[in-house]
Amino acid sequence: QVQLVESGGGLVQAGGSLRLSCAASGGTFSDYRMGWFRQAPGKEREFVATISRNAVNTAYRDSVKDRFTISRDNAKNTVYLQMNSLKPEDTAVYYCAAGYGLAPGTYDYWGQGTQVTVSS
């Protein structure tokens with residue numbers, strides 16, 4: 001049983017930056033593929049970024065690829081999402097997720113979310 005707790009959300013002006021953190025407990029962090037998702041009001045939850053267990057592989061949705069960076073520190077059991085050049089359309093609740101196993105795109109555990117609001 002893995003618990004995930006996000007932090008670092010807040011209100012920022014367009015063009016600004018935020019760094020989200022997700023602290024994991026209750027499992028072996030390095031066994032999990034980690035991801036970030038977001039859900040804006042009235043919209044479906046969407047994939048943002050993912051990082052492999054050893055951090056060799058990362059992937060991003062196209063709209064954030066040149067602005068966001070996912071990273072992890074397995075010694076700290078923490079995954080990060082550095083968000084630069086934020087846009088109002090980035091406003092959403094951001095969720096951290098952990099997936100176990102080789103099947104890509106599957107996640108077993110989810111955090112409670114942290115609100116990111118970008119003003120224009």
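This is a predicted model: local features need pLDDT of at least 70, side-chain atom pairs count only at pLDDT 80 or more; totals for chains, interfaces and linings use all residues.
Where is serine 85 found? Hold that thought, everyone, and I'll come back to it after the overall fold.

First, some housekeeping. Residues are numbered from 1 along each chain as its sequence is written, and side-chain values use heavy atoms, with hydrogens and water left out.

So, the fold. The protein chain has eleven strands and zero helices; here helices (H or I, at least four residues) and strands (E, at least two) are DSSP runs, numbered from the N terminus. Read from the N terminus, the order is β-β-β-β-β-β-β-β-β-β-β. The radius of gyration of the protein chain is 13 Å, close to the 14 Å that the globule rule gives for 120 residues, so the chain is as compact as a globular protein of that length. That radius is taken over C-alpha atoms, and the globule rule is 2.2 Å times the number of residues to the power 0.38. The C-alpha trace spans about 40 × 25 × 25 Å along its principal axes.

How much of the chain is buried? Of the 120 residues, 43% count as buried, where buried means under 20% relative accessible area, exposed means over 50%, and partly exposed is in between, with a 1.4 Å probe and protein chains only. As for contacts (heavy atoms within 4.5 Å), take those in the protein chain with a separation of 6 or more: 57% of them come from residues 24 or more positions apart.

Back to my opening question. Serine 85 sits in the loop between S8 and S9. Its phi is positive, about 50°, although serine 85 is not a glycine. At 40% relative accessibility, serine 85 counts as partly exposed.

Asparagine 77 belongs to the loop between strand S7 (68-73) and S8, and its relative accessible area of 27% makes it partly exposed.

Now step on to threonine 78, which is in strand S8 (residues 78-83). Threonine 78 counts as buried, because its relative accessibility is 9%. Which backbone oxygen does its side chain reach? That of lysine 76, at 2.8 Å. A polar contact here is a pair of N or O atoms within 3.5 Å; within protein, one must be able to donate a hydrogen and the other to accept it, and residues adjacent in sequence count only if both atoms are side-chain atoms. Not counting residues up to four places away in sequence, threonine 78 touches Ser21, Cys22, Ala23, Phe29, Arg72 and Asp73.

Phenylalanine 29 is in the loop between S3 and S4 and is buried, with a relative accessible area of 4%.

The structure holds one disulfide, that is, a pair of cysteine sulfur atoms within 2.5 Å, and cysteine 22 forms it with cysteine 96, their sulfur atoms 2.1 Å apart. This pair links distant parts of the chain: cysteine 22 is in strand S3 (residues 18-25) and cysteine 96 in strand S9 (residues 92-100), 74 residues apart. The torsion about the S-S bond is about -80°, so the disulfide is left-handed. Both cysteine 22 and cysteine 96 are buried.

Last stop: arginine 33, in strand S4 (residues 32-39). Arginine 33 is buried yet has no salt bridge, meaning a side-chain nitrogen of Lys or Arg within 4 Å of a carboxyl oxygen of Asp or Glu. The nearest side chain of opposite charge is aspartate 108, 5.9 Å away; Lys and Arg count as positive and Asp and Glu as negative, while His and the chain ends are not counted. What the side chain of arginine 33 does reach is the backbone oxygen of threonine 106, at 2.6 Å.

Glycine 101 is in contact with Arg33 and Arg53, leaving aside its neighbours within four places in sequence. From glycine 101 to arginine 33 is 68 residues in sequence and 8.0 Å in space, C-alpha to C-alpha. With a relative accessible area of 25%, glycine 101 is partly exposed.

Thanks, everyone!
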